Amino acid sequence: TRMKKLWIILLSLAAGILMHQKARADILVFTQAPGDWGVVGNWYNNTAAASATALPGTGDNAIINNNKIAEVNSVVGTTAGQVTVANQVSAGPTGTLNVNGGGSLGYQGIMYIGANGAVGTVNLQGGNLTSVNTGARTVLYGQLVNPSVSIFNLSSGTFTAQGSAAGDTLFIKATTMNLSG
């Protein structure tokens, strides 16, 4: 009957919508010291326990740990979700992100620099680092207990905080910032 056909159509539409949603965000771990952020082979997908098949994208958590150094030397075509530069909980005492001349990297959400006792360093030296947030604020979040292990160095280049939250667009917590150049 007509009602039965309507129910079948509605159930089919609902099933189609559910099948097209992304299952979950991935945790991608950088594997090189040093290496190019923009090379898929330099990432390991911790969520899938396999080599990465794509660069960190929206919703993903990109982690640089275990004395690894991620170099951004060109424009990265994807916008990472959360970025964590060194996290003791995820194994590894240090991590470094270098955004060099000609390099451009975007991220959404929070950039953790030196979490849980790890030493994290972000060096912006001639490139562009952009936090793209809609409906939220840009956050550089470091160690609460010891901010000297959470270091953001801006010697040249551009850091852009884009957000649409009322009030504060850029929120910096317990991070040592060195501005020069």
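Helices (H or I, at least four residues) and strands (E, at least two) are DSSP runs, numbered from the N terminus. The views below show a predicted model, in which local features need pLDDT of at least 70 and side-chain atom pairs count only at pLDDT 80 or more, while totals for chains, interfaces and linings use all residues. Residues are numbered from 1 along each chain as its sequence is written, and side-chain values use heavy atoms, with hydrogens and water left out.

**View 1. The chain as a whole.** The secondary structure of the chain comes to 1 helix and 16 strands. Of the 181 residues in the chain, 37% are buried, where buried means under 20% relative accessible area, exposed means over 50%, and partly exposed means in between (1.4 Å probe, protein chains only). The chain exposes about 9300 Å², and carbon and sulfur atoms supply 58% of this area, which is computed by the Shrake-Rupley method with a 1.4 Å probe, where for residues only the protein chains shown count as cover. Among the contacts (heavy atoms within 4.5 Å) in the chain with a separation of 6 or more, 72% are between residues 24 or more positions apart.

**View 2. The largest nonpolar core.** A nonpolar core is a set of buried Ala, Val, Leu, Ile, Met, Phe, Trp, Tyr and Cys residues joined through side-chain atoms within 4.5 Å. In soluble globular proteins, nonpolar side chains tend to be buried together. The largest core here has 26 residues, and those with the most contacts inside it are W37, W43, L97, M111, V122, L129 and F152. Strand β12 (residues 119-132) gives the largest share of this core, 3 residues.

View 3. A pair of aromatic rings is described by the distance of the centres and the angle of the planes. Rings of Phe, Tyr and Trp (its six-membered ring) pair if their centres lie within 6.5 Å, and planes under 30 degrees apart count as stacked, over 60 as edge-to-face and the rest as tilted. The structure holds 3 aromatic pairs. In one of them, the rings of F30 and W43 have their centres 5.0 Å apart and their planes at 75°, so this pair is edge-to-face. The pair links distant parts of the chain, with F30 in strand β1 and W43 in strand β3, 13 residues apart. Both F30 and W43 are buried, and ring pairs link F30, W37 and W43 into a cluster.

**View 4. F152 and its surroundings.** The rings of F152 and F159 have their centres 5.5 Å apart and their planes at 70°, so they too form an edge-to-face pair. F152 counts as buried because its relative accessibility is 0%. Not counting residues up to four places away in sequence, F152 touches I113, V122, L124, L129, L140, F159, T175, T176, M177 and N178.

**View 5. S150 in strand β14.** S150 lies in strand β14 (residues 150-162), and S150 counts as buried because its relative accessibility is 0%. A polar atom of the S150 side chain lies 2.7 Å from the backbone oxygen of I113. Although S150 and L140 are 10 residues apart along the chain, their C-alpha atoms are separated by 9.6 Å.

**View 6. A62 and T84.** A62 is found in strand β5, whereas T84 is in strand β8 (residues 82-87). A62 is buried at 0% relative accessibility, and T84 is buried with a relative accessible area of 3%. Leaving aside neighbours up to four places away in sequence, A62 touches L28, W37, W43, P56, Q82, V83 and T84. With its neighbours within four places likewise set aside, T84 is in contact with N61, A62, I63, I64 and Y112. The C-alpha atoms of A62 and V85, 23 residues apart along the chain, are separated by 8.3 Å.

View 7. Most residues other than glycine have a negative phi, and most peptide bonds are trans. The peptide bond from A33 to P34 is cis, with omega near -10°, and P34 lies in the loop between β1 (27-30) and β2 (35-36). A49, in the loop between β3 (43-45) and β4 (50-51), has a positive phi of about 55° although A49 is not a glycine. A49 is exposed, with a relative accessible area of 54%. N67, in the loop between β5 (61-64) and β6 (68-72), is also a residue other than glycine with a positive phi, near 60°. With a relative accessible area of 46%, N67 is partly exposed.

Technical notes:
A polar contact is a pair of N or O atoms within 3.5 Å; within protein, one must be able to donate a hydrogen and the other to accept it, and residues adjacent in sequence count only if both atoms are side-chain atoms.
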